[in-house]
Amino acid sequence: MAAGVAAWLPFARAAAIGWMPVANCPMPIAPRDQSKRQDELIVLNVSGRRFQTWRTTLERYPDTLLGSSEKEFFYNEETKEYFFDRDPDAFRSVLNFYRTGKLHYPRHECISAYDEELAFFGIIPEIIGDCCYEEYKDRKRENAERLMDDQEENKDSKLPHMNFRETMWRAFENPHTSTMALVFYYVTGFFIAISVITNVVETVPCGSTPNQKDVPCGERYTVAFFCMDTACVMIFTVEYLMRLFAAPSRYRFMRSVMSIIDVVAILPYYIGLIMTNNEDVSGAFVTLRVFRVFRIFKFSRHSQGLRILGYTLKSCASELGFLLFSLTMAIIIFATVMFYAEKGSTSSKFTSIPASFWYTIVTMTTLGYGDMVPKTIAGKIFGSICSLSGVLVIALPVPVIVSNFSRIYHQNQRADKRRAQKVQKARLARIRAAKSGSSTAFLHSKRNGLFTGLPQLQGSEEGDQQLNKTASLLESQHHHLLHCLEKTTAHEFVDEQLYEQNCLEGTLQSCPSRSPSLSSQEGPTSTCCCRRSRKNPHLPSAGVPPTCQRSLQELSAIHIQCGDQPPLSTSRSSLNMKLDEGSRLNCKTGLITTAIISVPTPPAISPEGDGQSLTSTNVQTPASSNVVKVSAL
Amino acid sequence: DPPAVPVISLSTSNPKSGHYTQNSVEDDFELSTVCYRPEGLDKLLEQTKFTKKELQILYRGFKNECPSGIVNEEAFKLIYSQFFPQGDSSTYAHFLFEAFDTNKNGSVSFEDFVMGLSIILRGSINDRLNWAFNLYDLNKDGCITKEEMLDIMKSIYDMMGKWTYPCMQDNAPKEHVENFFQKMDRNNDGVVTIDEFIESCQKDENIMQSMQLFDNVI
């Protein structure tokens, strides 16, 4: 139940009047407000700044420090106020959370200081309102990254013992780790440069033999260039093989872009070696040499910027595609128009529409080579329209793409969106689980018999008091309301997998009989203690499959063990002591609800007044169930 | 005079905007800028059976959730649904809204709210039964037909949700309605009038006892 509407609980309970006349069975007794305290102002002194609020305001969220009895630890008897030695500025938002039900993150606040304050006061940050949640998450992510970067730098200096392969891989990935890696880095870079320059210089005409015109250097100094090429390719091959050896996942490495570039860079050489014998395909072999230029892409290992550029191009693919598409449309349109306009003129260069493509492209990109010009008047008119529109068509999408680039570039610098989405899902799941915690809390408390109905312990004052101590009044009233609804409709609330179980099985009588002595002999409230005695594993109905437990745990994103194991089953048995309710399906639900975020209460009711032998010693041990206290909505 | 009386009484106790249309942006804007102030604390003290402290607590809770001073049906449904996480309580909340909104202006003000509560929580058994009858009588014509009762019953069963034990059958509400009419409809004319209703309820021990549950709600 969202405690923000706790004030409306009396209304909801009053609205139950509509159920009364149609109910066929008697209603359970309502929990009474024993304390009958008037609502009072309490003073919270936070490092000297005094805040005042109503007690009921704080009690809206009983799972937090201020809403529970934990604040009594901070009570100052002399000044009759609660003193907290914390930051008053951060406390403002904490207190506003109680008042308005919404938690806000103040932007000027440091993220880790704020987190600490929230943790101190027992509030989960996931319930920060949507207005502030983005900012909070961004700041948190930056902080985490900064921490990670620091950690990585530290980590690099102190390394656990790694085997040779891992060392090599690390050396390849990060050249600054060791001197050898740096040397390797520079050597490969040098050879890439040499290779590229060689390819370029090969084609330069250098010198001329007396009887021939200029020949390219490649043909003049064939051997020298061949040796150079061989050396480079050998280095690259060795590098590739070393990387392949060191890669943690060879298959993935072979699929990566960089390794494909490596392969493409060295393959032509080997193909050339193999195929020099065969003169027919030497023509094809020559074109293969073109692929040697791909060696220049190997530089992207040496340059972070290149890699990011490649990545941004890849992620901008859709925008680029759109630009290309619209350009293509315009080119086709104008080429067609120009072709038909120039059809009439003699010796026109516009021999076909595809031939006009060249003209259109050159004109639209404002290059204007002049190798094809229109001669007719119509052609010239359309030609000018073409060049004018070319400016527009090209100029408009380019800024969009540029801004996309910069946006993606910046995004790429931080963690990617995918991680954020996962966190968002986890956050929603956590909030949902906290919200559903109210219904599971009801089911949980049903099993623990928080509403005892007809207390057969007459006049056990302490019994009543302890009853109220163990349940927050608000919750018990809410549960009473839900119980009344159950009575009215003669159906019971169950949780999901139990429902599915029942529907599947259809046989409801299979629950193992608990020791009937428990339910019949003692008063209803005493048997609940059996669940307390976790030391009694011999309790009968432990036959419930643990799958229920597991799947319920998956309901809540946080797996918090409340620590109540099989003996739980016996508790429910007689706690709903209305035997007229028929067979207890509850026996099946024994193992469930051990993991709930909103930890309701220590569920036991003290039968001390009863003095039964079955009562476990210490009923008031909240430790077993309240392993973690987090604030539920 | 006690300090910090949260209610300021104005001579014009009507909301500034005249009527409320459904689902229009201007309407939302109007509602959010209108601040409706209820009548004075003293007047409410006269009209209801609550003490001053109780009225103060009620108003604080009311105003906290609805700062504009009035509840419209959507907010009403939302608030009520917080208490029934497993089922769908919107239909029942709708009927409740109709019952609280005595002047049929599409919104529940604090006076409506507190007067309704006063009857339920502080009224006599007969008053309460009357109020319940009014809730059931959807068209307010003085008698409950089977269809009306079926609607109410379905809305109550809807609040249970899907996951119940035993599995919810489709004709459960209908059966329950038959049961109800058998009990209440004395002269078997197919409708339950207010007299039949009160008479039958007074004869039923369970109902009488459950009516007393409301004494201690506040």
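**Close-up views of a predicted two-chain model**

Figure 1. In residues 180–201 of chain A the end C-alpha atoms lie 31 Å apart, and the span is 100% helix and 0% strand. The model shown here and in the views that follow is predicted.

Figure 2. Chain A contains 26 helices and 5 strands. Of its 633 residues, 45% count as buried. The accessible surface of chain A amounts to about 32800 Å², and 62% of that surface belongs to carbon and sulfur atoms. When contacts in chain A between residues at least 6 apart in sequence are considered, 71% join residues at least 24 apart.

Figure 3. L320(A) lies in helix α14 of chain A, which covers residues 317–341. The relative accessible area of L320(A) is 30%, so this residue counts as partly exposed.

**Figure 4. A salt bridge between a helix and a strand of chain A.** Side chains of opposite charge can pair when their charged atoms come close. In this view the side chains of D89(A) and R49(A) meet in a salt bridge, at 3.2 Å from N to O. D89(A) lies in helix α3 (residues 88–100) and R49(A) in strand β2 (residues 49–54) of chain A, so the pair ties together parts that are 40 residues apart in sequence. D89(A) is partly exposed, with a relative accessible area of 36%, and R49(A) also counts as partly exposed, at 35% relative accessibility.

**Figure 5. A buried salt bridge in chain A.** R292(A) and D229(A) are joined through their side chains by a salt bridge (3.2 Å, N to O). The pair links distant parts of the chain, 63 residues apart: R292(A) is in the loop between α12 (282–288) and α13 of chain A, and D229(A) is in helix α9 (residues 222–246) of chain A. Both R292(A) and D229(A) are buried.

**Figure 6. A network of charged residues in chain A.** Salt bridges link E239(A), R243(A), D262(A), K298(A) and R301(A) in a network. Over all chains, the count comes to 23 salt bridges.

**Figure 7. A salt bridge between two helices of chain B.** E178(B) and K146(B) form a salt bridge in which the closest N and O atoms are 3.7 Å apart. E178(B) lies in helix α9 (residues 172–184) and K146(B) in helix α8 (residues 146–158) of chain B, so the pair ties together parts that are 32 residues apart in sequence. E178(B) is partly exposed, with a relative accessible area of 36%. K146(B), at 34% relative accessibility, likewise counts as partly exposed.

**Figure 8. The interface of chain A and chain B.** The size of an interface is often given as the accessible area lost when the parts come together. Chain A and chain B bury about 5000 Å² between them, 71% of it on carbon and sulfur atoms. In chain A, the residues that lose the most area to chain B are W8(A), F11(A) and I17(A), which together account for 16% of what that side buries. Contacts involve 57 residues of chain A and 57 residues of chain B. Across this interface 0 salt bridges are found.

**Figure 9. The surroundings of C201(B).** C201(B) is located in helix α10 of chain B, residues 194–203. With a relative accessible area of 0%, C201(B) is buried. Apart from neighbours within four places in sequence, C201(B) is in contact with P21(A), L129(B), M184(B), I207(B) and M208(B). The C-alpha atoms of C201(B) and K183(B) are separated by 9.1 Å, and these two residues are 18 residues apart along the chain.

Methods
Residues are numbered from 1 along each chain as its sequence is written. Chains are lettered from A and ligands numbered from 1 in the order in which they are written. This is a predicted model: local features need pLDDT of at least 70, side-chain atom pairs count only at pLDDT 80 or more; totals for chains, interfaces and linings use all residues. Side-chain values use heavy atoms; hydrogens and water are left out. Helices (H or I, at least four residues) and strands (E, at least two) are DSSP runs, numbered from the N terminus. Buried means under 20% relative accessible area, exposed over 50%, partly exposed in between (1.4 Å probe, protein chains only). A salt bridge is a side-chain nitrogen of Lys or Arg within 4 Å of a carboxyl oxygen of Asp or Glu. Contact means heavy atoms within 4.5 Å. Buried area is the accessible area (1.4 Å probe) that two parts lose on being put together, summed over both. Accessible areas come from the Shrake-Rupley method with a 1.4 Å probe; for residues, only the protein chains shown count as cover.
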